[in-house]
Amino acid sequence: MTDTTSAPQTDTTDAATIADLTLEEKASLTSGGSFWMTKAVERVGIPAIMLTDGPHGLRKQAGASDHLGLAESVPATCFPPAVGLGSSWDVELAERVGAALGTESAIENVGVLLGPGINIKRSPLCGRNFEYFSEDPIVSGLLGAALVRGIQSQGVGASLKHFAANNQEDDRMRSSSDVDERPLREIYLRGFQRVVQDAQPWTVMCAYNRINGVYASEDPWLLTSVLRDEWGFEGLVVSDWGAVNERVLGVAAGMDLEMPSSGGVTDAQLVAAVTEGTLDEAAVDIAAGRVLDLVRKVEAGAGSIAGPLDVDAHHALAREAAGRSIVLLQNTGGLLPLSPSASVAVIGAFAQAPRYQGAGSSMINPTRLDNALDAIIEYAADDAVAYAQGFTVSLKDTADSAQLRANAVELAASRDVAVVFLGLPAAAESEGYDREHIDLPAAQLDLLDAVLEVNPNTVVVLSNGSVVALPFRDRVPAILEAWLLGQAGGSATADVLYGAVNPSAKLTETIPVRLQDTPAFLDFGALEGHVRYGEGIFVGYRWYDARELEVAFPFGHGLSYTAFSYGDAAASVTESGDIEVRVSVTNTGERDGREVVQVYTSLPGSTVQRAARELKAFASVALAAGETREIVLTVRRDDLAYWSVRAQRWIVEGGAYAFDVAASSRDLRVQAQVEVTGDVVSLPLTRESSMGEVLAHPIAGPIVMQAMAGMSDLLEGAVSIMPEGVDMMKMMQSFPVGRIGMMAGEGFSPVMIDQLLAMANASQES
Ligand code: BGC
């Protein structure tokens, strides 16, 4: 195997091309040489390159490779996983984190970092939600693109994953995500499209699962028609580790690089298929060519950044990012921030032993690890802080629960404030399997109840990678959703508790009241190999809003230690067709802070089914105390489009769109409206076209109206036997024109209908 620790070396001036390679060499290039390396072709000086996890830090295994992360990986900065970083809604911050990830990868001679993951959080039960950004594709797409830009700015490739519709972990390696075209396009693919078009990741990683019956790794529609032909992807498609089902089908479909190694078995299959004539050699050339392009990009980037890693600077960035990831869910009576002189009971095992990342392939070996307890002690006055463990981190009640609870309650009773750290044990959520419920362990809920009885000044700090039910939310004055925050999460939590950092994060996923309320409740999990995406486009807040359901905390919600007011909003269509929304926002409080301003669109009177409102733009804006600033947010015209299944294309419907400028999906502050010119889409008329569609046609409509006048006897006869007020014309609207002869007899022969349709269609073409 090629040395993994040194940068690839070749003389690029007379670098080999695909034409210099034998069929066997080309085939060999398109699969892994080991768990993390591609294959070299030493004869012509093509080096092997390394691809490794990802996404919120570098997981480069130091010794022999193993999949589960059991082998030690080199120390690297553990930044907040996507569940945290996403809550910042800050593309500039995400890009800086991306650049830091790129730097660490470059120092370690890693060519491609396997991330970001941008799958939609379809259900809070997905075990891997901690690695994903949001239930909304615009949030996932914009933050994903920012990370890719950052990583690639350092000469290292990103790998956008997991393409696509990988929204659960149970049975992920074979289940089929059965998704209708509209939600597939509008919800599950839209974020990927955004990242590809805005940031051109060097690689896209195809998912394990099937989509509507076809493995993502061998789906020509997904990997070629959509990804390349429609979106213009220029990079390489790599399989998720072990996602290849049939290699030959995969290569023909546009799956370029199989990872990890197949030990040469599938390379031989490719060679045999070409030799037997069942696979065009050109397909192998294309895949191998893309591997070679990737190798060249990696070579060009290699060696530009020398170590050693600036551990302190990256830790500081991890702390900044973690502070920006913490959502202040509520703060009744201004209990937070804490005063250093307040006596504080810090309760809960997570305060001392933080849960800071999720289990599975993304586990980073951090360069250091802060805990909240130590950081709180540093902020507070001498002896102001005492700690009680409160519970054992476990899914089940443990024998010591009662004693730990009693100790914690005694401490809480004696202090001004109790800060209770609750959260999910690591085993509750992981790559590879899903959750069964969204509840915190009972021992923790019991502990909180007991603490509240003795001290109403209680702050809850949550550590969890995916949302949990908050049955106590009406009884606890202050709640911080601290997610999984990476290696500096402990100190960042103290920064927020004591107000050194003014919280500014907002929810990128709804916190439901009950699991039963969630959109995929009836359809989550594979049934005989199929996961039915029955909620359609109504994912996340789109669902709760359409059904007018109460939620615990809505999408987009998050408080600050200051307050913001919104002035009037105005919207206008720019020359490019995009829509600019202007609003002035004022920090009305006495602290500097940041506000995440959100723009939601709706189209009253739309002819297609739509969510009540959809997020289309956002900005994280820093405002000093008292400052007012005009913010300009751009809604891309393309993002107003819905996917028309009949027309097989995106369509922007014309009309007066409403643009709600909002502090959350349920805190709409000001609205602007603007008329948007729609796309003119005329579908050819066929015998299957409805009478309504034919009547709406400029040529065919009047002719049919006239012919129908000749059918007045028939219509009158029919009307006379119907109950009063029944609208015959309305009844006929959905009648296929090809079958109208059935009613109209001679008056409308099939020949006449065909002539009419031909005339109408010809007029459209001319
Ligand atoms: C995961 C990927 C990861 C790969 C390599 C797979 O099981 O789904 O996200 O990049 O392993 O570790």
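1. Lining of the second largest pocket, by class. Charged residues number nine in this lining, beside six nonpolar and three polar ones. Please keep in mind throughout that the model is a predicted one.

2. The volume of the second largest pocket comes to about 340 Å³. Its lining is made up of 18 residues, and those closest to the centre are Q193, Q197, D638, D639 and W650.

3. Elements behind that lining. Which elements give two or more residues to the lining of the second largest pocket? They are α4, spanning 137–152, and α5, spanning 181–199. The most comes from α5, which supplies six residues.

4. The largest pocket. Here the volume is about 700 Å³. The lining has 21 residues, and R646, V681, S682, L683 and E693 are the ones nearest the centre of the pocket. Sorted by class, 10 of the lining residues are nonpolar, seven are polar and four are charged.

5. The shell around the ligand. The ligand has 15 residues around it, with D53, R128, H162, Y208 and D240 coming nearest. By class, this shell holds seven charged, five nonpolar and three polar residues.

6. Polar atoms facing the ligand. In D240, a side-chain N or O atom is 2.7 Å from an oxygen atom of the ligand. For K161, the distance from a side-chain N or O atom to a ligand oxygen is 2.9 Å. For R172, a polar side-chain atom lies 3.2 Å from an oxygen atom of the ligand. How much of the ligand's area does the protein bury? Taken alone, the ligand exposes 310 Å², and 100% of that is buried by the protein.

7. D90. This residue sits in the loop that runs between α2 (82–85) and α3 (91–107). Is D90 buried or exposed? D90 counts as buried because its relative accessibility is 5%, and the cut-off for buried is under 20%. The D90 side chain has a polar contact of 2.4 Å with the side chain of R324. Another polar contact, at 3.4 Å, links the side chains of D90 and R594.

8. G84. Helix α2 contains G84. At a relative accessible area of 0%, G84 is therefore buried. Across the chain, G84 and G323 are 239 residues apart, while their C-alpha atoms are separated by 9.3 Å.

9. F618. This residue belongs to strand β21, which covers residues 614–623. Why is F618 classed as buried? The reason is its relative accessible area of 12%, since buried means under 20%. The C-alpha atoms of F618 and A662 are 9.3 Å apart in space, and the two residues are 44 apart in sequence.

10. Places to check. For the second largest pocket, α5 is the element to highlight, as the one that gives the most to the lining.

Methods. Residues are numbered from 1 along each chain as its sequence is written. This is a predicted model: local features need pLDDT of at least 70, side-chain atom pairs count only at pLDDT 80 or more; totals for chains, interfaces and linings use all residues. Side-chain values use heavy atoms; hydrogens and water are left out. A residue is near a molecule or strand if one of its heavy atoms lies within 4 Å of it. A polar contact is a pair of N or O atoms within 3.5 Å; within protein, one must be able to donate a hydrogen and the other to accept it, and residues adjacent in sequence count only if both atoms are side-chain atoms. Accessible areas come from the Shrake-Rupley method with a 1.4 Å probe; for residues, only the protein chains shown count as cover. Ala, Val, Leu, Ile, Met, Phe, Trp, Tyr, Cys and Pro count as nonpolar, Asp, Glu, Lys and Arg as charged, and the others, Gly among them, as polar. On a 1 Å grid over the protein atoms alone, a cavity is a set of points where a 1.4 Å probe fits but cannot get out, and a pocket is an open set with protein on both sides within 12 Å along at least five of seven lines; lining residues have an atom within 4 Å of a point. Grid points are joined across faces, edges and corners, and a volume is the space filled by probe spheres set on the points. Helices (H or I, at least four residues) and strands (E, at least two) are DSSP runs, numbered from the N terminus. Buried means under 20% relative accessible area, exposed over 50%, partly exposed in between (1.4 Å probe, protein chains only).
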